[in-house]
Amino acid sequence: MVEYQKMAFRHPENRDCFCMDSSLCQRFKLCNLISLQGFFKVLGRVKQIHSDVKILLRTNQQRSGLEIMEQMALLQETSYEQLYRWAQGECRALTQESCDISPVLAQAMEALQDRPVLYKYTLDEFGTARRSAMVRGFIDALTRGGPGGTPRPIEMHSHDPLRYVGDMLAWLHQATASEKEHLEAMLKLVTAEGVEETMQEVVGHITEGVCRPLKVRIEQVIVAEPGAVLLYKISNLLKFYHHTISNIVGNSAAMLLTTIEEMHLLSKKIFFNSLSLHASKLMDKIELPPADLGPSSALNQTLILLREILASHNSCVVPVDTRQADFVQVLSCVLDPLLQTCTMSASNLGSADMATFMVNSLHMMKTTLALFEFTDKRLEMLQYQIEAHLDTLINEEAAFVLARTGLSYIYSIVQQHKPEQGPLVNVPSMDSTSLKAAMVQFDRYLSAPDSLLMPQINFLLSASIKQQIVKQSTELVCRAYSEVYSAVMHPDNEYKDPETILPRSPHQVQALLS
């Protein structure tokens, strides 16, 4: 340094540009004063001289310039080495769960960015120290709890799978966010490109340490199979925290995010396995329909399970498109075998009994699904199936009324009769007396239509469906009466005084039944 100053004095015009006073030089040599602002002032002065001395290289003072540059380069490297050693020691000391990043450390990182290797080594040291601190903090949170036992140790809630997993993930979420904040404070003065990517990489390294203890504990919860509903809630919880943590650190915390995703997929797999097992049990033991043709106990239990799953699905906080995809899969896994079970259960029933049982079962499914989102397609499909069975019940009820009133045989003869067969009055059982006797029974029906309801109609759970069947079957009865009336009134059928045989017109009958 003395030689350098002699060169500067031989060239007075350069003295201000290329000299440092003795106090700065002395300060620069003392490592224990590195925390002082003076060190960074001197370092900046050395860098400035190293840059300015290039002016001499363009003059006849090239030798002096090269000597000064060499001196400054040596001084710079020494200072950066000292700075690195100090920063390394500071980072190694950051092993507490909570740490304060000093402004001097931030200045040190700003200076070290000019030496990428030392800059990286310092970040590696920071990452290693913080990784150990995070693992220790996680284990303490699991087994010891917070200061003074508040909050309580997470392991104390291991009997409650959802809370247990949720508390672990919540702790990791908070810790990950804190580590990123520490890094941001440490690198706030760094202007080099790729700072954000560097921070994400370091956070990824810090969080790797907790992956193993986290995975072991969540796996234990999942493989214990706490039930389909809890498995589904845990799966959604894992998906939510995967999405939330990735928003904080990007996708660079690969190990942690991969671990959470693996646990999400495992819980989802075992959840659907549980649903499939439930469905296979339904198929293995087909129950006969109850005497009242209502939903079977297996159907009711399955719908309770589905309702609980869908309720947790509606309240989960994962993205909508993910929820919708899961919803479709859940419905397919539960409803398809349930429908097949109902069909097989009713296969040996009569048409009216089968239709009643299926309408009741489908109505229960539809009522359950109507409370939740993403069910429009399934509700539409169930409605089509209900309508198909309603057609059966409507026709059966109309046929029941016609048979009980004596119009069934008469109506079938009218439909089959052709003009070339001669007058209708000559057909057996189609004479005036037979028709008048049938009309007596029909009049009794007109006075009390509800007296001629099939027993199955009263077994229907839905009042609106029952009303629809009665209304549309009545329309069929009116249509049949109208055809019989037209045939009796037709002159070609040669009935004498047909008004006395069928005194009521179709409009009158319809008015009485409406």
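This is a short tour of a predicted model, stop by stop, for you to follow in your viewer.

**Before you start**

Residues are numbered from 1 along each chain as its sequence is written, and side-chain values use heavy atoms, with hydrogens and water left out. Because the model is predicted, local features need pLDDT of at least 70 and side-chain atom pairs count only at pLDDT 80 or more, while totals for chains, interfaces and linings use all residues.

**Stop 1: the whole chain**

Colour by secondary structure and you will see 21 helices and zero strands. Helices here are DSSP runs of H or I with at least four residues, strands are runs of E with at least two, and numbering goes from the N terminus. Of the 514 residues in the chain, 46% are buried; buried means under 20% relative accessible area, exposed means over 50%, and partly exposed is in between, using a 1.4 Å probe and protein chains only. Among contacts (heavy atoms within 4.5 Å) with a separation of 6 or more, 74% join residues 24 or more positions apart.

**Stop 2: the largest nonpolar core**

Next, select L187, L275 and M365. These touch the most other members of the largest nonpolar core, which has 104 residues. A nonpolar core is a set of buried Ala, Val, Leu, Ile, Met, Phe, Trp, Tyr and Cys residues joined through side-chain atoms within 4.5 Å. Helix 11 (residues 228-249) gives the most to this core, ten residues. Stay on M365 and show its surroundings: leaving aside neighbours within four places in sequence, M365 is in contact with L299, L303, L335, L338, L339, C342 and L382. Another core, of 30 residues, lies apart from the largest one and includes V425, L435, A480 and Y481.

**Stop 3: aromatic pairs**

Show the rings of Phe, Tyr and Trp; the whole structure has nine aromatic pairs. Rings (for Trp, the six-membered one) pair if their centres lie within 6.5 Å, and planes under 30 degrees apart count as stacked, over 60 as edge-to-face and the rest as tilted.

Select F327 and F374. Their ring centres are 6.0 Å apart and their planes meet at 70°, so this pair is edge-to-face. F327 sits in helix 14 (residues 320-345) and F374 in the loop between helix 15 (351-369) and helix 16, so the pair ties together parts that are 47 residues apart in sequence. F327 is buried, at 0% relative accessible area, whereas F374 is partly exposed, at 25%.

Now move to F442 and Y481. With ring centres 5.1 Å apart and planes at 5°, the pair is stacked. F442 belongs to helix 18 (residues 432-447) and Y481 to helix 19, so parts 39 residues apart in sequence are tied together. F442 is buried, at 1% relative accessibility, and Y481 is buried with a relative accessible area of 1%.

**Stop 4: D336**

Return to helix 14, where D336 lies. D336 is partly exposed, with a relative accessible area of 35%. Not counting residues up to four places away in sequence, D336 touches L331 and R378.

**Stop 5: pockets and a cavity**

Rolling a probe the size of a water molecule over the atoms shows where empty space is left. On a 1 Å grid over the protein atoms alone, a cavity is a set of points where a 1.4 Å probe fits but cannot get out; a pocket is an open set with protein on both sides within 12 Å along at least five of seven lines; lining residues have an atom within 4 Å of a point. Grid points are joined across faces, edges and corners, and a volume is the space filled by probe spheres set on the points.

The largest pocket has a volume of about 350 Å³. Select A141, G145, G146, P151 and W171, the closest to its centre of the 14 lining residues. Helix 7 (116-143) and helix 8 (161-186) each supply at least two residues of that lining.

The second largest pocket holds about 260 Å³. Of its 17 lining residues, V470, K471, T474, L513 and S514 are the closest to its centre. Helix 19 gives the largest share of this lining, seven residues.

Finish with the largest cavity, of about 70 Å³. Its lining consists of L282, K285, I286, E287, S296, A298, T341, C342, S345 and F357, and helix 14 provides the largest share, three residues.
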